[in-house]
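Please brief me on this structure. Keep it short and group the points by topic.

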Amino acid sequence: RSSLQKLPCTTASMATCSWWVDQVAMAGVVAVLGVAVTLCELVRVVLHGAWHALCGLVPGAATQKPRLPGGPSSGYQMTVLVDGECAVCSALRIFVAYRLRSSSRSLVRFAPAQRVADGLDSEAQRLAAIIRQHTKTPGSSLGATLDARLHAVIEARSDKTTVTTSHDATVLVGADVIFALAEACHAPYSALACIGRCAPRVATTAAYDVFARNRRAWFPPRSGRSSSSPSRLRTTPTTTTPSAAAPPGRDKPLSTTTHEGDSSFGEAAQCRQVSAEGVGFSAVAVAAFVMVALPLGDGKKDGPTQFAARCACAALIFFAAQYLADRAAEDDTEKTTKLHSAVAIGDDLPKQQQQASSAVPPSSSPGGGSETTAPPTTTTPKRAVVASPASKAFEDRYVGRASAESLAVMRVVAAFILYLFTLPFFTAPLAETALAPRFMCKPTGVVRLLGVLAPSVFGPDALLADADGLATLQHTTRALLVSVGVGFATPLVAPAAAACWLVYGGVLRSYNTWRGHSFIAAWWTLVVLAWRGGAGERFSVDAWLFHSSKKSKQVPTAELRRRQAQDRGWTRFMVTLVFANNYFMAGLSKFCASGVAWAFGSNLKAKLLQTSLTQGSFGVYLSLGLRHLPSVFWGLLGFCGLYGELAMGLVPFDAVAKLAFPTAMWGMHLGIIALQHIVFVDLLTMIPSWYAWHAVDLVLSPREDRGLYVDGPWDWRRVASEARAAVARWSPLPSRRHHAGHHKGKRLLRAGDDDDDEAGGQQQRVPLVKKSLLLQDAGAVDAEAGGTVPADEVLQQQEHRHALHNARRAAGLVFVFVFVWLQGAEWYPWNSFRMFADWTANPIDYERYVALDAERRHLRNFHMHQLNPVLNRKRFVDALETCATDAASADCAAFLAFAQPQARAMPDTPAYLVLENRVWDYERDIDRKNYCDEMTVYEYDVQANRVVRKDHVTPCDPIDWKTCCTRTIGTI
């Protein structure tokens, strides 16, 4: 009691304590609401993505969401009275509008409580009477009652007309309104409403009251909108729906939030909003992994953290693709509307009909909403502007059309690259691979599956050990690739060549020597061409034979030529997706191993010094000469390499990326030759060819068909114009305005944004032929001189289905690549592109190969490919380690039986083959003699046919910088 008497008990202190308690309670309520909404939004995003994935639709194409039961009954309508001057109430209205079920969209509406309290119109007076009757509130205090808590009036509804009898209405107050709104929304908000109703009513009411008391202090309205002037408070109610961005005042009654004729909050808008949220959630998760978790981890390629990071990246890819498709559909609809406005489609109608159509006044809905009366049936309708599906809009914006000449160039390039990899100085002759020890042969992917299904034909001891069978496969593959290159019987030969190369490449990859990127892009190009067809229509023997036949006299229609060009465009776009995927997945693999730390200077310097010192097919030691440069230089190289590979994912979609990033990657490959003496033969050839086969559309195609490719997404003139515009938008310097005629569609697009007089002036300068083309692109065709008719809806539906069909195929192709990458698997012909993805720490280790004579004097360097050109460095080291530690094992016996005759046949007949595994702490001594602190030596005695291991050998032997006796190039 004496302690309590010492406490301050004044009225002011009690008020202060009460205020602090109220603020703490408000903070708790806001925190609980934030966590609940975040979890619900996360579940909603996951359900949305799962729905589209299970439906097998292209990302963003499915705007039809499942109609789930729940929410207000179709026989009732709920009017929610919100504070028109409260920022929280305005946010609640928009929040609910984007989440309402399709069945509840026309049953829920909002109205400002101030109008109801003031009784400004008959509808407001009717709602006020219902609330006073149910809440027993006197008229003088109705405003304070509505201001303190949310109120909702639920009325019987018949034929979209509410019943005016107050006895048929129900009034909800406070937390019950929130639960009713949540029940009308999509899952999981409907489940959250059930959970909230199960909570103690005292707790939910208290929490609501705390939030209602403090909402204005914690979330004040925007400046200038907190109140309205007295003259505006008595303004006649309008019937237009206010902007979603502005908190409505009492002078702007809120109509039905998602009116049936309003697409602002429709299913398409909800899909865009969920896609944007999915991008946001997954981007936050990716940022947390790559900036915190992974840099502080072990830096390995695999692990629980790495797998979780790959899942977050896969989700980001999915939602980003979905968002791009949704935005393409939205922009396509806007573009179509502007084109119709620019060419003045409605000017062909009689002025009396236009005036009759525009003179129909809107009628107010009972709740203050707006409903427009349909025009009379006798009026000739204007051309309707229909929103294109996302797949069709995606096709028009990103895919475009391609010429037969473009596919012919792709065919020749793919066949040429694959043929190069069959030559002995590029890869091992297949017959020689049969001599390698069988334990080194570890098939993967399709070849492994074939070995399991048919072991007597494709097993490691069957075809892979049969020198004659492998030689036959090699000659057959070469012949088929030559036939593909010249275009002879392409529809039959291209699939056969792709199948033979699938086995051919699988044999090489069974020894892990040519892996990762090697020949993957070229093979997938051949597969797509064989799958889609059309690669033999130009520059081929097939085309020559066709033109010399009677069938060539049949001239295809313009519609058929356009459809074929669109199909070829999808073929080329799929190849571009595969091409960009090579780099994008490689960058993601690095990103999901050690995060942003991969680009640190210490990591890249260690990698480059390690690979530069490792004895390879040829010797270029520029990295060693640059070893004294600061970490900033190496970090800049790492930054450009990592984020350049990631940026390649934008190449199919962005103009700047199309122009800049493939060229940057080509320069990166030249740098890799100089800094790591590794040659990416296929990609060095593929990148210039990729630019070439997009440029031939307007160069080599027939003149009568070039109009199909002008101003397309792969017209380099348009790409350059868009790239300059994008750079100008981001540049702080003032840019010169582009020439008006450079991009022919810009003037027409701007005309729709001007006033009527200026637009009319622009329209008079539009050539008639361009007007016809614009009408066709907008979904309409010319009918007769002086008039237009609506386009054939059947033809439009066929085009949309065709675009969706192709989009599904492209999405399926990408999905398989992403799925294999997500697993971190090397499942040929799919792989995760994980070369050099892990963290390389100091000190570094590298290998040198030395041949000694009988007196143990240095003869020269040797290379393991002198034993067999298919040997992999790691498996060669593992074989030596096995023989040094367990000489009696079967693997060691097989290796020694293979190595002795091969070593005796080497030039100069070395007596010892030595592998030196050197270790160098370059941070401690950057100029260390021989760049080595100590060695682990594996010495193979050819005469005795045994392997001896020596640890911690010092000092290190001098390095012989001469490369010798390698039979292949471009291997790792």
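Cysteine 932 and cysteine 956 form a disulfide, with their sulfur atoms 2.0 Å apart. A disulfide here is a pair of cysteine sulfur atoms within 2.5 Å. By this rule the count comes to two disulfides. This is a predicted model, in which local features need pLDDT of at least 70 and side-chain atom pairs count only at pLDDT 80 or more, while totals for chains, interfaces and linings use all residues. Residues are numbered from 1 along each chain as its sequence is written, and side-chain values use heavy atoms, with hydrogens and water left out.

**Disulfides**

- The link of cysteine 932 and cysteine 956 is left-handed, with -55° about the S-S bond.
- Cysteine 932 lies in the loop between β12 (912-920) and β13 (934-941), and cysteine 956 in the segment after β14 (946-953), so the pair ties together parts that are 24 residues apart in sequence.
- Helices (H or I, at least four residues) and strands (E, at least two) are DSSP runs, numbered from the N terminus.
- Cysteine 932 counts as buried at 2% relative accessibility, and cysteine 956 counts as buried at 9%.
- Buried means under 20% relative accessible area, exposed means over 50%, and partly exposed is in between (1.4 Å probe, protein chains only).
- The other disulfide joins cysteine 883 to cysteine 892, with an S to S distance of 2.4 Å.
- With 125° about the S-S bond, the link of cysteine 883 and cysteine 892 is right-handed.
- Cysteine 883 is buried, at a relative accessible area of 4%. Cysteine 892 is buried too, at 1%.

- Cysteine 89 is buried, with a relative accessible area of 8%.
- For cysteine 311, the closest cysteine sulfur is in cysteine 592, 9.3 Å away, again too far for a bond.
- Cysteine 311 counts as partly exposed, at 31% relative accessibility.

**Aromatic rings**

- The structure holds 37 aromatic pairs.
- In the pair of phenylalanine 579 and tyrosine 583, the ring centres are 5.9 Å apart and the planes are at 80°, so the pair is edge-to-face.
- Rings of Phe, Tyr and Trp (its six-membered ring) pair if their centres lie within 6.5 Å; planes under 30 degrees apart count as stacked, over 60 as edge-to-face and the rest as tilted.
- Phenylalanine 579 and tyrosine 583 are four residues apart in helix α23 (residues 558-594), so about one helical turn separates them.
- Phenylalanine 579 counts as buried at 1% relative accessibility, and tyrosine 583 is buried at 3%.
- One aromatic cluster is formed by Phe579, Tyr583, Trp690, Tyr691, Trp714 and Trp716.

**Charges over rings**

- Lysine 658 has its charged end over the ring of tryptophan 714, 4.0 Å from the ring centre.
- Arginine 509 has its charged end over the ring of phenylalanine 519, 4.9 Å from the ring centre.
- A charge sits over a ring if NZ of Lys or CZ of Arg is within 6 Å of the ring centre and within 35 degrees of the ring normal.

**Helix α29**

- Helix α29 (residues 716-730) has 15 residues, which should span 21 Å at 1.5 Å a residue; its end C-alpha atoms are 21 Å apart, which agrees.
- The expected span of a helix is 1.5 Å times one less than its number of residues.
- Trp716, Arg718, Val719, Ser721, Ala723 and Ala726 are buried in α29.
- The buried residues of α29 pack against α27 (655-676) and α28 (681-695).

- Strand β2 (residues 108-112) is mostly covered, with five of its five residues buried.
- Val108, Phe110 and Pro112 are buried on one side of β2, and Arg109 and Ala111 on the other.
- Strand β1 (residues 76-82) runs parallel to β2, and five bridges join them.
- Two strands pair if DSSP finds at least two bridges between them.
- Valine 80 stands opposite phenylalanine 110 in β2.

**Leucine 613**

- Leucine 613 is in helix α24 (residues 601-613). Leucine 613 counts as buried at 0% relative accessibility.
- Leaving aside neighbours within four places in sequence, the contacts of leucine 613 include Leu624, Ile844, Trp920 and Trp961.
- Contact means heavy atoms within 4.5 Å.
- Leucine 613 and tryptophan 961 are 348 residues apart in sequence and 9.3 Å apart in space, C-alpha to C-alpha.
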